[in-house]
Amino acid sequence: MTSKRIAVLTSGGDAPGMNACIRAIVVACEGAGHTIIGFEHGYNGLLEQNWRKLDSKKVHNIIQRGGTILRSARCKTFKQDASGQLAANNLDELAIDALIVIGGDGSFRGAVHLGKFWGGQVIGLPGTIDNDIYGCDATIGYYTAIDTAVSSIDKVRDTADAFERIFLVEVMGRHAGFLGASAALAGAANYVILPELFTDPESVLNEIQQQVAIHRQRYGHESYIIVLTENLWPSGINALAEALETRTDGEVRPVILGHVQRGGSPVSQDRILATTLGVQAVRSIEQGKNGIMVATAQGDVVEVALEETWQHKKTLGNTLTHCMLTMLNERHHWP
Ligand SMILES: Nc1ncnc2c1ncn2[C@@H]1O[C@H](COP(=O)(O)OP(=O)(O)O)[C@@H](O)[C@H]1O
Ligand SMILES: O=P(O)(O)OC[C@H]1O[C@](O)(COP(=O)(O)O)[C@@H](O)[C@@H]1O
(Lines give C-alpha, C1' and ligand atoms only; values in the text may rest on other atoms or scores of the structure.)
(Ligands and ions follow the chains in the order given, each with its own letter.)
Protein backbone atom coordinates (compact mmCIF):
# COMPACT_ATOMS: atom_id res chain seq x y z
CA MET A 1 0.00 0.00 0.00
CA THR A 2 1.34 3.44 -0.90
CA SER A 3 1.61 5.82 2.01
CA LYS A 4 -0.49 8.98 1.83
CA ARG A 5 -0.42 12.47 3.22
CA ILE A 6 -3.65 12.94 5.16
CA ALA A 7 -5.05 16.04 6.90
CA VAL A 8 -7.81 16.40 9.48
CA LEU A 9 -9.81 19.36 10.81
CA THR A 10 -12.76 19.89 13.17
CA SER A 11 -15.40 22.42 12.13
CA GLY A 12 -18.70 23.88 13.38
CA GLY A 13 -20.01 23.20 16.87
CA ASP A 14 -17.49 21.19 18.86
CA ALA A 15 -18.75 17.91 20.26
CA PRO A 16 -17.42 15.57 22.98
CA GLY A 17 -15.57 12.76 21.23
CA MET A 18 -13.90 14.88 18.56
CA ASN A 19 -10.58 14.35 20.33
CA ALA A 20 -11.17 10.59 20.47
CA CYS A 21 -11.75 10.71 16.72
CA ILE A 22 -8.59 12.71 16.03
CA ARG A 23 -6.65 10.22 18.15
CA ALA A 24 -8.01 7.25 16.21
CA ILE A 25 -7.17 8.86 12.87
CA VAL A 26 -3.63 9.61 14.00
CA VAL A 27 -3.04 6.13 15.40
CA ALA A 28 -4.50 4.46 12.29
CA CYS A 29 -2.41 6.66 9.98
CA GLU A 30 0.77 6.06 11.93
CA GLY A 31 0.20 2.31 11.93
CA ALA A 32 -0.21 2.29 8.15
CA GLY A 33 2.74 4.60 7.48
CA HIS A 34 0.72 7.64 6.40
CA THR A 35 1.69 11.20 7.30
CA ILE A 36 -1.02 13.04 9.26
CA ILE A 37 -1.37 16.76 9.86
CA GLY A 38 -4.09 18.75 11.64
CA PHE A 39 -5.48 22.11 10.50
CA GLU A 40 -6.46 24.46 13.32
CA HIS A 41 -9.74 26.37 13.73
CA GLY A 42 -11.81 24.57 11.11
CA TYR A 43 -11.65 25.89 7.57
CA ASN A 44 -9.78 28.99 8.80
CA GLY A 45 -6.71 26.79 9.19
CA LEU A 46 -6.94 25.74 5.54
CA LEU A 47 -7.11 29.35 4.40
CA GLU A 48 -4.38 30.60 6.72
CA GLN A 49 -2.09 27.56 6.40
CA ASN A 50 -2.37 27.07 10.12
CA TRP A 51 -1.48 23.41 10.65
CA ARG A 52 0.74 21.09 12.64
CA LYS A 53 2.07 17.60 12.26
CA LEU A 54 0.38 15.01 14.46
CA ASP A 55 1.68 11.74 15.88
CA SER A 56 0.58 9.29 18.54
CA LYS A 57 2.59 11.10 21.25
CA LYS A 58 0.62 14.29 20.57
CA VAL A 59 -2.71 12.52 20.95
CA HIS A 60 -1.78 10.68 24.13
CA ASN A 61 -4.22 11.27 27.01
CA ILE A 62 -6.84 13.14 24.97
CA ILE A 63 -9.51 10.47 24.48
CA GLN A 64 -11.31 11.63 27.63
CA ARG A 65 -11.12 15.35 26.87
CA GLY A 66 -14.09 17.39 25.61
CA GLY A 67 -13.66 20.12 22.99
CA THR A 68 -11.10 19.62 20.23
CA ILE A 69 -7.31 19.94 20.40
CA LEU A 70 -7.45 21.31 16.83
CA ARG A 71 -9.97 24.01 17.87
CA SER A 72 -13.07 24.66 15.82
CA ALA A 73 -14.67 27.64 14.08
CA ARG A 74 -17.51 28.83 11.93
CA CYS A 75 -15.63 30.28 8.94
CA LYS A 76 -18.17 32.40 7.04
CA THR A 77 -15.85 33.27 4.15
CA PHE A 78 -15.38 29.62 3.24
CA LYS A 79 -18.59 29.75 1.20
CA GLN A 80 -16.88 31.95 -1.38
CA ASP A 81 -15.28 30.46 -4.50
CA ALA A 82 -12.06 32.35 -3.79
CA SER A 83 -11.79 30.56 -0.44
CA GLY A 84 -12.36 27.16 -2.03
CA GLN A 85 -9.61 27.89 -4.54
CA LEU A 86 -7.21 29.22 -1.90
CA ALA A 87 -7.76 26.15 0.30
CA ALA A 88 -7.16 23.88 -2.71
CA ASN A 89 -3.91 25.68 -3.54
CA ASN A 90 -2.75 25.41 0.07
CA LEU A 91 -3.54 21.70 0.22
CA ASP A 92 -1.66 21.11 -3.04
CA GLU A 93 1.31 23.07 -1.77
CA LEU A 94 1.45 20.70 1.21
CA ALA A 95 0.99 17.72 -1.15
CA ILE A 96 -2.02 16.50 0.81
CA ASP A 97 -3.83 13.49 -0.71
CA ALA A 98 -6.90 13.42 1.51
CA LEU A 99 -8.74 15.63 4.00
CA ILE A 100 -10.97 14.35 6.83
CA VAL A 101 -13.58 16.85 8.06
CA ILE A 102 -15.16 16.15 11.46
CA GLY A 103 -18.28 18.29 11.83
CA GLY A 104 -21.95 18.77 11.05
CA ASP A 105 -23.85 19.18 7.79
CA GLY A 106 -22.57 22.75 7.37
CA SER A 107 -19.02 21.45 7.50
CA PHE A 108 -19.96 18.80 4.94
CA ARG A 109 -21.26 21.53 2.62
CA GLY A 110 -17.85 23.14 3.06
CA ALA A 111 -16.18 19.83 2.13
CA VAL A 112 -18.23 19.58 -1.06
CA HIS A 113 -17.46 23.22 -1.86
CA LEU A 114 -13.74 22.45 -1.50
CA GLY A 115 -14.15 19.43 -3.77
CA LYS A 116 -15.14 21.75 -6.63
CA PHE A 117 -11.63 23.22 -6.58
CA TRP A 118 -9.48 20.39 -5.27
CA GLY A 119 -8.69 16.98 -6.74
CA GLY A 120 -7.84 15.25 -3.45
CA GLN A 121 -10.09 12.91 -1.46
CA VAL A 122 -12.55 14.46 1.03
CA ILE A 123 -14.12 12.36 3.79
CA GLY A 124 -16.68 13.64 6.35
CA LEU A 125 -17.21 12.22 9.83
CA PRO A 126 -20.43 13.25 11.66
CA GLY A 127 -19.63 15.29 14.77
CA THR A 128 -22.36 17.37 16.42
CA ILE A 129 -24.39 17.14 19.61
CA ASP A 130 -27.56 17.72 17.55
CA ASN A 131 -27.57 14.31 15.82
CA ASP A 132 -29.29 16.00 12.88
CA ILE A 133 -27.31 14.41 10.03
CA TYR A 134 -29.20 12.23 7.60
CA GLY A 135 -27.74 8.78 6.94
CA CYS A 136 -26.35 7.92 10.37
CA ASP A 137 -27.83 6.61 13.60
CA ALA A 138 -25.77 8.83 15.87
CA THR A 139 -23.25 11.62 15.59
CA ILE A 140 -20.12 11.96 17.71
CA GLY A 141 -21.05 13.93 20.84
CA TYR A 142 -24.77 13.17 20.87
CA TYR A 143 -24.67 10.55 23.64
CA THR A 144 -22.61 12.73 25.95
CA ALA A 145 -24.90 15.72 25.40
CA ILE A 146 -27.92 13.55 26.31
CA ASP A 147 -26.20 12.50 29.54
CA THR A 148 -25.34 16.10 30.38
CA ALA A 149 -28.94 17.21 29.84
CA VAL A 150 -30.32 14.26 31.79
CA SER A 151 -28.12 14.87 34.82
CA SER A 152 -29.33 18.49 34.83
CA ILE A 153 -32.98 17.41 34.59
CA ASP A 154 -32.43 15.03 37.53
CA LYS A 155 -31.16 17.95 39.60
CA VAL A 156 -33.92 20.26 38.46
CA ARG A 157 -36.49 17.68 39.55
CA ASP A 158 -35.15 17.71 43.12
CA THR A 159 -35.81 21.41 43.51
CA ALA A 160 -39.00 21.25 41.42
CA ASP A 161 -40.38 18.62 43.80
CA ALA A 162 -39.31 20.59 46.87
CA PHE A 163 -41.17 23.70 45.73
CA GLU A 164 -43.86 21.95 43.70
CA ARG A 165 -42.96 24.11 40.75
CA ILE A 166 -43.15 23.77 37.01
CA PHE A 167 -39.73 23.88 35.31
CA LEU A 168 -38.96 24.57 31.69
CA VAL A 169 -35.61 23.10 30.62
CA GLU A 170 -34.30 24.35 27.28
CA VAL A 171 -31.92 22.03 25.43
CA MET A 172 -29.88 22.61 22.26
CA GLY A 173 -30.53 20.94 18.91
CA ARG A 174 -30.60 23.95 16.59
CA HIS A 175 -33.76 22.95 14.64
CA ALA A 176 -33.85 19.24 15.46
CA GLY A 177 -35.50 17.44 18.37
CA PHE A 178 -33.20 14.43 18.86
CA LEU A 179 -31.47 15.82 21.93
CA GLY A 180 -34.77 17.09 23.38
CA ALA A 181 -36.56 13.79 22.78
CA SER A 182 -33.81 11.63 24.27
CA ALA A 183 -33.18 13.93 27.24
CA ALA A 184 -36.90 14.12 28.01
CA LEU A 185 -37.31 10.35 27.86
CA ALA A 186 -34.19 9.48 29.85
CA GLY A 187 -34.90 12.29 32.33
CA ALA A 188 -38.55 11.21 32.75
CA ALA A 189 -39.86 14.67 31.92
CA ASN A 190 -43.60 15.23 31.84
CA TYR A 191 -43.85 17.10 28.58
CA VAL A 192 -41.63 17.83 25.63
CA ILE A 193 -41.83 20.58 22.99
CA LEU A 194 -39.94 19.59 19.86
CA PRO A 195 -39.79 21.01 16.33
CA GLU A 196 -40.96 17.67 14.91
CA LEU A 197 -44.14 17.65 17.04
CA PHE A 198 -44.79 21.38 17.18
CA THR A 199 -48.13 22.65 15.95
CA ASP A 200 -48.75 26.24 17.12
CA PRO A 201 -48.13 28.07 20.43
CA GLU A 202 -51.81 28.33 21.37
CA SER A 203 -52.44 24.59 20.97
CA VAL A 204 -49.31 23.75 22.98
CA LEU A 205 -50.29 26.15 25.78
CA ASN A 206 -53.81 24.71 25.90
CA GLU A 207 -52.48 21.17 26.02
CA ILE A 208 -49.98 21.90 28.80
CA GLN A 209 -52.63 23.75 30.82
CA GLN A 210 -54.96 20.78 30.53
CA GLN A 211 -52.27 18.25 31.33
CA VAL A 212 -50.90 20.12 34.33
CA ALA A 213 -54.44 20.12 35.72
CA ILE A 214 -54.72 16.34 35.20
CA HIS A 215 -51.25 15.87 36.70
CA ARG A 216 -52.12 17.85 39.83
CA GLN A 217 -55.33 15.92 40.26
CA ARG A 218 -53.50 12.64 39.91
CA TYR A 219 -50.40 13.30 42.02
CA GLY A 220 -51.64 16.03 44.31
CA HIS A 221 -48.62 18.23 43.65
CA GLU A 222 -47.39 20.60 41.02
CA SER A 223 -43.84 19.52 40.21
CA TYR A 224 -43.80 19.25 36.44
CA ILE A 225 -40.85 19.18 34.02
CA ILE A 226 -41.13 20.42 30.46
CA VAL A 227 -38.23 19.99 28.01
CA LEU A 228 -38.11 22.58 25.22
CA THR A 229 -35.87 22.57 22.13
CA GLU A 230 -34.08 25.88 21.54
CA ASN A 231 -35.07 28.25 18.69
CA LEU A 232 -38.64 26.97 18.78
CA TRP A 233 -40.85 29.02 21.07
CA PRO A 234 -41.64 32.19 19.06
CA SER A 235 -40.83 34.74 21.77
CA GLY A 236 -38.40 32.66 23.80
CA ILE A 237 -38.41 30.58 26.97
CA ASN A 238 -39.12 33.50 29.34
CA ALA A 239 -42.28 34.41 27.44
CA LEU A 240 -43.35 30.77 27.58
CA ALA A 241 -42.70 30.68 31.34
CA GLU A 242 -44.83 33.81 31.85
CA ALA A 243 -47.66 32.45 29.72
CA LEU A 244 -47.62 29.20 31.69
CA GLU A 245 -47.65 31.00 35.05
CA THR A 246 -50.83 32.75 34.00
CA ARG A 247 -52.42 29.61 32.64
CA THR A 248 -51.50 27.26 35.50
CA ASP A 249 -51.67 29.70 38.40
CA GLY A 250 -48.34 28.32 39.65
CA GLU A 251 -44.67 29.21 39.70
CA VAL A 252 -42.73 28.42 36.52
CA ARG A 253 -38.93 28.62 36.35
CA PRO A 254 -36.96 28.54 33.08
CA VAL A 255 -33.53 26.86 32.86
CA ILE A 256 -31.40 27.20 29.71
CA LEU A 257 -28.77 24.43 29.58
CA GLY A 258 -26.97 26.07 26.65
CA HIS A 259 -23.33 25.38 25.83
CA VAL A 260 -22.84 23.23 28.94
CA GLN A 261 -24.23 20.47 26.68
CA ARG A 262 -21.28 20.85 24.31
CA GLY A 263 -18.62 20.20 26.93
CA GLY A 264 -17.42 17.49 29.25
CA SER A 265 -15.67 14.18 28.98
CA PRO A 266 -17.20 12.00 26.26
CA VAL A 267 -19.16 8.97 27.46
CA SER A 268 -17.92 5.57 26.28
CA GLN A 269 -20.52 5.35 23.48
CA ASP A 270 -19.12 8.54 21.94
CA ARG A 271 -15.51 7.37 22.40
CA ILE A 272 -16.27 4.06 20.69
CA LEU A 273 -18.21 5.70 17.86
CA ALA A 274 -15.50 8.32 17.35
CA THR A 275 -12.74 5.69 17.36
CA THR A 276 -14.62 3.41 14.96
CA LEU A 277 -15.27 6.25 12.53
CA GLY A 278 -11.70 7.56 12.71
CA VAL A 279 -10.28 4.14 11.85
CA GLN A 280 -12.84 3.60 9.07
CA ALA A 281 -12.12 7.00 7.55
CA VAL A 282 -8.47 6.07 7.08
CA ARG A 283 -9.53 2.76 5.57
CA SER A 284 -11.90 4.55 3.13
CA ILE A 285 -9.05 6.83 2.08
CA GLU A 286 -6.83 3.80 1.43
CA GLN A 287 -9.63 2.39 -0.74
CA GLY A 288 -9.65 5.59 -2.81
CA LYS A 289 -13.07 6.82 -1.63
CA ASN A 290 -14.03 10.47 -2.07
CA GLY A 291 -16.95 12.81 -1.27
CA ILE A 292 -18.52 10.57 1.36
CA MET A 293 -19.51 10.63 5.01
CA VAL A 294 -18.37 7.57 6.92
CA ALA A 295 -20.88 6.76 9.66
CA THR A 296 -22.72 3.95 11.39
CA ALA A 297 -26.32 2.93 10.73
CA GLN A 298 -28.10 -0.08 12.19
CA GLY A 299 -24.88 -1.37 13.67
CA ASP A 300 -22.88 -1.27 10.45
CA VAL A 301 -20.41 1.16 8.97
CA VAL A 302 -21.98 3.00 6.03
CA GLU A 303 -20.75 5.43 3.41
CA VAL A 304 -23.16 8.17 2.37
CA ALA A 305 -22.60 10.75 -0.38
CA LEU A 306 -21.92 14.05 1.39
CA GLU A 307 -24.71 15.83 -0.52
CA GLU A 308 -27.25 13.32 0.74
CA THR A 309 -26.53 14.22 4.35
CA TRP A 310 -28.28 17.57 3.93
CA GLN A 311 -30.55 16.92 0.95
CA HIS A 312 -32.67 14.57 3.08
CA LYS A 313 -34.06 15.39 6.49
CA LYS A 314 -33.36 13.00 9.30
CA THR A 315 -36.60 12.14 11.08
CA LEU A 316 -37.15 11.08 14.67
CA GLY A 317 -38.58 7.77 13.43
CA ASN A 318 -41.74 5.91 14.42
CA THR A 319 -40.30 4.06 17.42
CA LEU A 320 -38.95 7.15 19.19
CA THR A 321 -42.08 9.15 18.37
CA HIS A 322 -44.39 6.42 19.66
CA CYS A 323 -42.27 6.04 22.79
CA MET A 324 -42.50 9.78 23.48
CA LEU A 325 -46.21 9.91 22.91
CA THR A 326 -46.64 6.96 25.27
CA MET A 327 -44.31 8.09 28.05
CA LEU A 328 -44.61 11.88 27.86
CA ASN A 329 -47.23 14.54 27.39
CA GLU A 330 -49.69 12.86 29.76
CA ARG A 331 -51.67 10.97 27.17
CA HIS A 332 -52.72 8.38 29.77
CA HIS A 333 -56.33 7.46 30.28
CA TRP A 334 -56.29 7.39 34.05
CA PRO A 335 -59.27 6.05 35.96
N1 LIG B 1 -22.53 26.20 1.85
C2 LIG B 1 -21.31 26.19 2.37
N3 LIG B 1 -20.22 26.36 1.57
C4 LIG B 1 -18.97 26.35 2.08
N5 LIG B 1 -18.70 26.20 3.38
C6 LIG B 1 -19.72 26.05 4.24
C7 LIG B 1 -21.07 26.04 3.77
N8 LIG B 1 -21.88 25.87 4.85
C9 LIG B 1 -21.05 25.79 5.92
N10 LIG B 1 -19.77 25.89 5.57
C11 LIG B 1 -18.58 25.88 6.42
O12 LIG B 1 -18.76 24.96 7.48
C13 LIG B 1 -18.65 25.65 8.73
C14 LIG B 1 -19.46 24.96 9.78
O15 LIG B 1 -20.83 24.99 9.44
P16 LIG B 1 -21.94 25.15 10.56
O17 LIG B 1 -23.27 25.04 9.88
O18 LIG B 1 -21.67 26.37 11.35
O19 LIG B 1 -21.67 23.95 11.57
P20 LIG B 1 -21.86 22.37 11.44
O21 LIG B 1 -20.81 21.83 10.54
O22 LIG B 1 -21.68 21.90 12.84
O23 LIG B 1 -23.26 22.13 10.89
C24 LIG B 1 -19.08 27.06 8.39
O25 LIG B 1 -18.65 27.98 9.34
C26 LIG B 1 -18.38 27.24 7.05
O27 LIG B 1 -16.99 27.43 7.24
O1 LIG C 1 -21.85 27.84 19.51
P2 LIG C 1 -22.80 28.66 18.75
O3 LIG C 1 -22.18 29.27 17.54
O4 LIG C 1 -23.50 29.63 19.64
O5 LIG C 1 -23.91 27.70 18.14
C6 LIG C 1 -24.94 27.10 18.87
C7 LIG C 1 -25.44 25.94 18.08
O8 LIG C 1 -24.41 24.96 17.98
C9 LIG C 1 -24.90 23.70 18.42
O10 LIG C 1 -24.53 23.54 19.77
C11 LIG C 1 -24.25 22.60 17.61
O12 LIG C 1 -24.61 22.76 16.25
P13 LIG C 1 -23.64 22.33 15.07
O14 LIG C 1 -22.94 21.10 15.53
O15 LIG C 1 -24.56 22.08 13.91
O16 LIG C 1 -22.71 23.43 14.82
C17 LIG C 1 -26.42 23.81 18.29
O18 LIG C 1 -27.09 22.90 19.12
C19 LIG C 1 -26.64 25.24 18.66
O20 LIG C 1 -27.83 25.75 18.12
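Predicted model: local features only at pLDDT ≥ 70, side-chain atom pairs only at ≥ 80, totals over all residues.
A residue counts as near a molecule when its C-beta atom, placed from the backbone, lies within 6 Å of it. Local features need pLDDT of at least 70 and side-chain atom pairs count only at pLDDT 80 or more, while totals for chains, interfaces and linings use all residues. Residues are numbered from 1 along each chain as its sequence is written, and chains are lettered from A and ligands numbered from 1 in the order in which they are written.

**Ligand 2**
- The shell holds Gly 12, Gly 13, Gly 104, Thr 128, Ile 129, Asp 130, Met 172, Gly 173, Arg 174, Glu 230 and Arg 262.
- Two of these residues are nonpolar, five polar and four charged.
- Nonpolar means Ala, Val, Leu, Ile, Met, Phe, Trp, Tyr, Cys and Pro; charged means Asp, Glu, Lys and Arg; the others, Gly among them, are polar.

**Domains**
- Domain 1 covers 5-141 + 266-311, and domain 2 covers 142-262; the bounds come from an automatic or database domain assignment.
- Their C-alpha centres are 34 Å apart.
- 16 residues of domain 1 contact 13 residues of domain 2 (C-beta atoms, placed from the backbone, within 7 Å).
- On the domain 1 side, six of the touching residues are nonpolar, six polar and four charged.

**Confidence**
- Mean pLDDT (the predictor's confidence in each residue, from 0 to 100) is 96 for the protein chain, with 98% of residues at 70 or more.
- The model has ipTM 0.99 and pTM 0.97.

Methods. Contact = placed C-beta atoms within 7 Å.
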